[in-house]
Amino acid sequence: MDFVQVETNAPLTLEIPQIASPSTALSPISRIPKDAIRTSLKASTTDSVLAAIYSLGTGGILLSNFLVELGASPVVFGMLCSIPMLVNLIQPLGAYLSERSTSRFQYSLRTHGIGRLLWLVVVIGIVGVSLGVINTHQLVILTLLIVLFSNLLGGLGTASWLSWVAMIVPRQLRGRYFGIRNSASSLTNLVCVPIAGLVVSHWYGGSIQGYGVVLLVGIVFGIVGLGCQYFQVDMNPQSQNTYYGKLPQTNEIEQEAREQACRERSRTEVGSKGDSSDGDSTPPIAPASSIWKNSNFLRFLLYFSFWALAVNLSSPFFNLYMLDTLDLDVSYVTIYNSLQAGATLVMLIVWGKLADKIGNRPILICIGILVAATPLLWLGIGANRLDIWLWLPLLHILAGGTWAAIDLCNNNIQLAIAPIKNQSIYFATAAAVAGASGALGTTIGSFIVQFAQFGGLLGLFALSSLFRLTALIPLLFVKEARR
């Protein structure tokens with residue numbers, strides 16, 4: 001058989017005999033070749049690896065070191081931290097535009113493709129500094145502008161990409177697949193970051209030119225990664241919205257309710273033949289016609305926004321605490337970050353398989369409590385040998401393992417509760433709200449750090465822990481389809 005039936009909420013295209021067929025007959029738009037699904041998943045995983053290489057030069061420690069070498073001010077680093085969060089506010093506009101396109105792939109090329117090519121301007125700027133055409137201050141401003149516009153274009157395309165992948169990855173395998181995909185990306189970072197760092201620091205023309213070489217290689221890999229999306233099953237958002245808008249069920253929870261009603265009706269028919277009517281046995285399901293009428297998604301949105309604010313109160317300042325307050329050498333911090341990446345790599349697959357079995361919400365609640373308590377563990381950390389060689393490495397390993405669960409399950413639960421029609425708009429709204437809340441949290445945290453009477457960094461860590469626990473309360477009322 002070349003084609004298999006696909007559930008209305010997500011395509012089920014792998015050969016899994018235990019999965020039952022949907023109760024509603026679907027149109028040809030929902031029939032996807034099995035081989036095409038396998039190819040799509042492999043292409044998406046390859047894309048994540050190549051995108052991780054691209055991200056090495058366009059963010060993280062290498063970009064920060066580049067700006068330090070250029071003599072950038074602390075204000076520049078504050079802007080560098082806030083831009084990726086604030087640009088999420090443009091995601092609803094990107095979702096609106098993507099739903100009026102006719103191809104997810106073409107839309108991705110126009111947004112992410114142009115955004116990645118923009119970094120060639122920075123490469124040209126580095127050449128200009130080497131030739132004396134422009135000065136370092138001008139290059140700093142140019143780099144910030146590229147960071148802004150590149151992230152804006154990425155924000156326009158993120159929700160569309162997530163909606164595209166949500167239609168391809170089978171519902172029962174989402175946790176496992178995204179765990180493997182994210183693990184591949186983490187492994188790439190683990191291997192390539194030290195190599196890229198050596199290239200930058202030992203480049204014969206200086207670290208600025210070395211960064212330019214790494215950035216150019218990253219851009220090439222980033223464009224090749226977008227080319228891998230060509231091998232994914234393309235989706236037409238307009239056809240998707242037109243078709244799914246006619247169906248009575250709109251997301252996984254409502255699909256589950258419908259299937260449960262069908263099972264109840266079957267048992268009733270077995271017990272009393274001829275005494276069952278469709279109107280009595282199947283309860284009506286109210287379609288989630290908009291975000292503001294979808295109470296379940298609004299509860300998730302409340303959790304997601306508070307969680308972003310609570311986390312960003314303290315998360316940007318842990319490195320500052322080690323480098324400034326504890327006065328640790330940067331090489332120690334690099335080692336800790338590598339340990340954290342290694343823990344994330346190992347645990348992603350574990351959390352993915354567990355999420356497929358028990359669901360994402362239980363993991364988010366249990367691990368969320370542990371993540372909420374983690375900032376309190378920093379209160380007793382000092383600059384002695386025991387803390388440097390034992391407790392700080394253990395803290396980073398703990399952070400890597402727990403955040404692997406939080407990031408993975410937050411992504412998966414969005415896929416589960418967002419309706420299929422105009423799905424990218426739901427994803428964009430969640431990202432925009434979280435981005436604004438995260439930027440607000442970072443701003444509040446910065447003010448608290450500056451004023452010692454509020455407790456400084458240690459007081460900030462304690463406050464963040466309390467806020468994280470409070471943010472989990474709305475999650476208790478979010479409904480997720482049972483596994």
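Helices here are DSSP runs of H or I with at least four residues, numbered from the N terminus. The model is predicted, so that local features need pLDDT of at least 70 and side-chain atom pairs count only at pLDDT 80 or more, while totals for chains, interfaces and linings use all residues. Residues are numbered from 1 along each chain as its sequence is written, and side-chain values use heavy atoms, with hydrogens and water left out.

Select glutamine 91 to begin, which lies in helix α4 (residues 91–98). Glutamine 91 has 4% relative accessibility and therefore counts as buried, where buried means under 20% relative accessible area, exposed over 50% and partly exposed in between, with a 1.4 Å probe and protein chains only. Leaving aside neighbours within four places in sequence, glutamine 91 is in contact (heavy atoms within 4.5 Å) with Gly155, Thr158, Ala159, Phe427, Ala428 and Ala431.

Next, display helix α6 (residues 120–131) together with helix α7 (residues 136–168), whose axes come within 10 Å and cross at roughly 175 degrees. The axes are lines fitted to C-alpha atoms over the stretch in contact, and angles run from 0 to 180 degrees between N-to-C directions. The pair is therefore roughly antiparallel, a term for angles over 145 degrees. To see the contact, select Val121, Val122, Gly125, Ile126 and Val129 in α6, which meet Thr136, Leu139, Leu142, Thr143 and Ile146 in α7. By class, this contact has 7 nonpolar, 3 polar and no charged residues, with Ala, Val, Leu, Ile, Met, Phe, Trp, Tyr, Cys and Pro counted as nonpolar, Asp, Glu, Lys and Arg as charged, and the others, Gly among them, as polar.

Move on to phenylalanine 304 in helix α13 (residues 295–314), which at 14% relative accessibility counts as buried. Beyond residues up to four places away in sequence, phenylalanine 304 touches Asn410, Gln414, Ala430 and Ala434. Asparagine 410 is 106 residues from phenylalanine 304 in sequence, yet their C-alpha atoms are 8.4 Å apart.

Now turn to the largest nonpolar core, which has 54 residues, those with the most contacts inside it being Phe297, Phe300, Tyr303, Trp307 and Leu475. Such a core is a set of buried Ala, Val, Leu, Ile, Met, Phe, Trp, Tyr and Cys residues joined through side-chain atoms within 4.5 Å. The largest share of this core, 9 residues, comes from α17.

Finally, select cysteine 366, which is exposed at 54% relative accessibility, and cysteine 192, which is partly exposed at 21%.

Key
Helix = DSSP H or I, 4+ residues; strand = E, 2+ residues; numbered from the N terminus. Parallel < 35°, antiparallel > 145°, perpendicular 65-115°, else oblique.
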